[in-house]
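Good morning, and thank you for coming. I would ask you to keep the sequence and the structure in view while I speak.

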Amino acid sequence: MPKDSGIGASPKRREDVRFLSGTGNYTDDIQVNGQAYVHFLRSDVAHAKINGINLDAASVMPGVIKIFTGADFEGVGGIPCGWQVTDRHGEPMQEPAHPVLAQGKVRYVGDQIAAVVAETLEQARDAAEAIEVDLEELPAVVDMKAALAEGATKVHDDLTSNLCYDWGFVEENKPAVDAAFEAAAHVTTLELRNNRLVANPMEPRVAIGDFNRATGESTLYTTSQNPHVIRLLMGAFVLGIPEHKLRVVAPDVGGGFGTKIFHYAEEAFCTFAAKALNRAVKWTSTRSEAFISDAHGRDHVTKIELALDAENNFTALRTDTYANMGAYLSTFAPSVPTWLHGTLMAGNYKTPLIYVNVKAVFTNTVPVDAYRGAGRPEATYQLERVIDKAARELGVDPIALRRQNFITEFPYATPVAVEYDTGDYNGTMDALEKMADLSGFEARRKESEARGKLRGFGVNCYIEACGIAPSNLVGQLGARAGLYESATVRVNATGGIVVMTGSHSHGQGHETSFPQVIAEMIGIDESMVEIEHGDTANTPMGMGTYGSRSIAVGGSAMVRATEKIIAKAKKIAAHLMEAAEADIELKDGAFSVAGTDKSVAWGDVTLAAYVPHNYPLEDIEPGLEETAFYDPANFTYPSGAYACEVEVDPDTGKVTIEAFNAADDFGNIINPMIVDGQVHGGIGQGVGQALLENAAYDENGQLLSASYMDYAMPRASDVPFYGVDHSSQTPCTHNPLGVKGCGEAGAIGSPPAVVNAVVDALRSGGHDIHHIDMPVSPSRVWQAMNG
Amino acid sequence: MSQVTMTVNGKEMSGDAEGRTLLSQFLRETLGLTGTHVGCDTSQCGACVVHVDGVAVKACTMLAMEADGASVDTIEGQAAPDGTLNALQQAFQDHHGLQCGFCTPGMIMSAADLLKNNPTPTEAEVRHHLEGNICRCTGYHNIVKAIMAASGQDVSSIAAE
């Protein structure tokens with residue numbers, strides 16, 4: 001029987017009421033008294049020297065308050081990068097300066113040249129048109145391999161080349177890996193591109209800077225997944241504002257998918273300008289601006305090789321990847337193709353030897369950083385595509401080949417430096433085979449063929465690594481931040497609870513799922529627990545929400561704080577009942593003395609904590625409020641098996657998704673409804689990547705797909721109802737809830753299933769095709785079929 | 001600037017608008033009705049769908065002045081005066097048809113338009129109708145399910161929420 005409350009139940013989301021009635025509080029809904037508006041004049045060329053900026057005409061336009069250029073930011077820090085990668089020779093990556101407004105050069109279409117602050121947005125836009133910029137255009141570097149060629153134009157003149165780093169992982173493994181390839185019975189090779197994507201949360205970014213001259217306090221309202229991280233990066237590295245004089249508020253945020261993790265120049269600008277002008281300054285991105293200013297995702301070009309022995313056991317894996325960084329290093333960009341990608345290359349398989357090489361490259365394009373999955377989709381795509389190709393080359397069943405090579409014993413230390421605590425890869429594959437009705441596939445294929453269509457079935461597995469940690473390890477890997485999470489549990493006098501968490505909810509439903517955990521621990525109704533997040537003024541320092549970390553890390557912090565609450569409440573209850581603390585039991589919201597009928601209610605204990613008349617004041621302080629910081633011992637490792645069934649129209653090349661099934665192991669699950677929703681959304685984005693989406697640049701660095709007219713977002717008619725199963729549950733062994741995280745699984749696990757299915761369909765039609773790059777658009781499919 | 005007057009969710013409201021002021025902008029910034037969202041600038045995303053004289057319109061495709069004298073319904077007017085969600089809103093909550101909530105006002109207004117004209121749409125008809133409404137969170141599964149449920153159809157055979 002499904003539970004109706006607590007852990008494992010699916011209560012309706014409480015945040016929905018405000019979202020459904022138009023009473024949410026998104027950043028653009030905020031109007032600060034007297035706010036001015038900023039419009040950024042952005043470069044429309046990819047690479048140019050700024051010879052001069054003439055503001056004479058623009059400055060006297062109606063409503064203009066001030067126009068800022070790079071010169072106004074000469075004494076200000078640049079936008080920092082939060083992760084330093086060390087290359088295979090032990091040298092630090094090349095790290096260019098990243099000014100708030102361009103200084104000397106523009107380096108991508110969208111780079112900010114000037115910022116016009118005016119009384120109204122229209123006036124700011126009008127004035128921006130009157131700015132005269134003398135740009136001396138330079139050759140643009142767009143293609144990564146061309147950017148690394150001898151004599152290529154440099155994106156940053158003060159760096160030695162366009163190579164950010166050349167990373168080898170695990171470098172010491174390389175000779176053994178190479179030897180294994182020499183000895184292999186079979187080697188399968190595949191070259192592929194993981195297409196560049198734009199995250200496209202439906203809410204564009206917004207920043208409002210405010211300044212109170214009387215207190216000297218700055219406030220930034222921003223569309224962020226991690227307001228504390230923004231406060232630290234912007235305060236300490238860009239503007240020199242200490243935390244106690246800087247408040248960052250991220251209220252209701254309309255989706256993030258990674259691109260709202262990063263600290264952006266617009267945030268620093270609005271905060272800086274508000275202080276300089278002593279009035280609030282608001283920026284709301286248009287969608288067109290979002291395409292050329294939100295960090296993009298993916299954009300890897302990879303050659304992957306898989307070595308097998310005569311019995312089809314995987315013996316070694318070798319990859320060679322070029323990863324686009326864009327023109328500047330966005331906050332976590334260097335970590336994505338390295339520690340979030342190389343460490344996942346073992347996937348679900350016991351391949352004993354792995355070597356990953358990644359060359360990160362600067363180009364005259366929008367900076368590239370984490371997008372839902374971040375590194376893990378790139379790893380999964382390569383691995384699951386090359387396994388599929390190997391199965392075809394060897395004439396074996398792709399599922400059987402996977403099963404044969406599955407890791408089956410845990411804990412398992414991979415050759416790429418991580419240790420999986422639990423998993424049951426055969427279990428998720430069993431569940432998938434059942435859902436996907438494999439035995440009926442041939443009949444469905446024949447039915448499609450009768451209608452002149454080609455039908456294909458594709459399968460793949462995935463491993464995700466969530467809740468990247470522990471902090472001391474990630475510090476050694478180059479992170480310039482900790483990766484713990486925090487929670488303060490404040491119990492009020494009459495028993496209600498407010499939890500202030502460093503996690504941030506921008507669609508994940510924390511306001512509903514987090515109370516389920518606390519209510520279950522104490523045995524009270526969920527309605528007695530409220531979650532506050534998103535405001536540095538009332539939440540403890542926390543690292544925010546990304547990398548599917550909220551329940552595994554933030555949830556664990558909340559559990560630890562609640563354990564402290566319960567321990568103290570037991571002391572109070574023991575005093576009230578004149579019993580020994582060790583004899584106190586908490587069940588269903590009441591404290592009792594073991595073996596007696598003595599009992600006090602939760603509310604009596606909480607009241608005693610705040611009205612401490614009958615209270616052990618000599619032993620414990622009044623009040624009932626506790627904070628915990630939780631730093632995980634390891635990542636968590638969700639896993640799963642996904643299957644896609646497609647139909648291809650040979651006349652047009654159009655691919656239709658006929659069925660998509662996902663079997664995931666997320667460990668213990670707090671709210672199955674929300675977990676299913678996360679998987680659905682991830683699959684939607686993964687199908688989007690596989691079939692539709694592509695951030696395409698021309699050779700001059702112009703983004704060709706810079707609006708919803710040109711960038712194909714998945715629509716309702718592009719996807720089917722999905723089958724989702726998470727009956728296979730191997731709890732995480734190192735966090736108190738046994739949870740693993742579910743936010744990115746769908747986006748990681750779905751693209752290879754789609755492409756595997758398309759290749760299967762085409763091959764069933766007699767086309768000798770091994771690969772089509774994503775997006776598998778009608779034109780690419782048609783070209784592949786018609787050579 | 002000219003004064004524009006319209007009946008919004010049954011109440012007469014007025015404000016100043018420039019010739020270039022969009023209806024979406026006027027509702028949000030002049031009338032303070034921020035439930036109508038703006039997610040793009042090419043009239044693709046549908047987050048700003050409202051009803052003008054009973055017809056679903058993307059409020060970013062219409063000038064405020066064009067709506068002078070019109071009757072406009074927005075997301076803020078969909079629930080009962082005591083806050084009780086209407087059947088469509090309730091179906092979205094029951095079936096987890098929203099996550100971040102940003103596209104949701106447009107989804108509700110667009111789906112209401114569909115159900116008005118087609119009280120029991122098929123799955124294909126729902127998906128086709130939502131062509132002009134983009135959601136990035138849900139993969140559409142639970143949106144389609146919620147709309148079909150709101151029309152009184154049994155959705156229990158569709159996979160879990």
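First, the conventions. This is a predicted model, in which local features need pLDDT of at least 70, side-chain atom pairs count only at pLDDT 80 or more, and totals for chains, interfaces and linings use all residues. Residues are numbered from 1 along each chain as its sequence is written, and chains are lettered from A and ligands numbered from 1 in the order in which they are written.

Let me begin with chain B. Its secondary structure comes to 5 helices and 5 strands; helices (H or I, at least four residues) and strands (E, at least two) are DSSP runs, numbered from the N terminus. Read from the N terminus, the order of elements in chain B is β-β-α-β-β-β-α-α-α-α. The radius of gyration of chain B is 16 Å, close to the 15 Å that the globule rule gives for 161 residues, so chain B is as compact as a globular protein of that length. That radius is taken over C-alpha atoms, and the rule is 2.2 Å times the number of residues to the power 0.38. Along the principal axes, the C-alpha atoms of chain B fill a box of roughly 55 × 35 × 25 Å.

How much of chain B is buried? Buried residues make up 57% of its 161 residues. Here a residue is buried if 20 or more other C-beta atoms lie within 10 Å of its own, exposed if 12 or fewer, and partly exposed in between, with C-beta atoms placed from the backbone.

Helix α1 of chain B, residues 23–30, illustrates this. The buried residues of α1(B) are B:Leu23, B:Ser24, B:Gln25, B:Phe26, B:Leu27 and B:Arg28. Their cover includes β1 (2–8) and β2 (11–17) of chain B. Just after the helix, B:Gly32 takes a positive phi of about 70°.

Strands β3 (residues 49–52) and β4 (residues 55–58) of chain B run antiparallel and are joined by 4 bridges; two strands pair if DSSP finds at least two bridges between them. B:His51 has B:Ala56 in β4(B) as its bridge partner. The hairpin of β3(B) and β4(B) has 2 residues between the strands, and in it B:Asp53 takes a positive phi near 50°. Strand β3(B) is also joined by 2 bridges to β5 (residues 71–73) of chain B, again antiparallel, and there B:Val52 is partnered by B:Val72.

Chain B is divided into domain 1 (2–77) and domain 2 (87–150), the bounds coming from an automatic or database domain assignment. Their centres, taken over C-alpha atoms, are separated by 21 Å. In chain B, 14 residues of domain 1 are in contact with 11 residues of domain 2, where contact requires C-beta atoms, placed from the backbone, to lie within 7 Å. On the domain 1 side, β3(B) gives the most, with 3 residues.

I turn to chain A. It is divided into domain 1 (27–138 + 202–255 + 260–293), domain 2 (296–469 + 634–786) and domain 3 (484–630). The centres of domain 2 and domain 3 of chain A, taken over C-alpha atoms, are separated by 40 Å, and their contact takes 20 residues from domain 2 and 16 residues from domain 3.

Chain A also holds an open sheet of 5 strands, in the order β7-β17-β16-β15-β8, with mixed pairing. Its edge strands are β7 (163–169) and β8 (186–194) of chain A, each pairing on one side only. Within the sheet, β16 (residues 314–326) and β17 (residues 354–362) of chain A pair in the parallel sense over 9 bridges, and A:Thr321 stands opposite A:Val358 in β17(A).

Finally, the two chains together. How many residues of each chain are in contact with the other? The contact involves 45 residues of chain A and 48 residues of chain B. On the side of chain A that touches chain B, α1 (16–20), α8 (287–293), α17 (672–692) and β30 (722–725) of chain A each supply at least two residues. Among these contributions, α17(A) gives the most, with 7 residues.

Notes
Contact = placed C-beta atoms within 7 Å.
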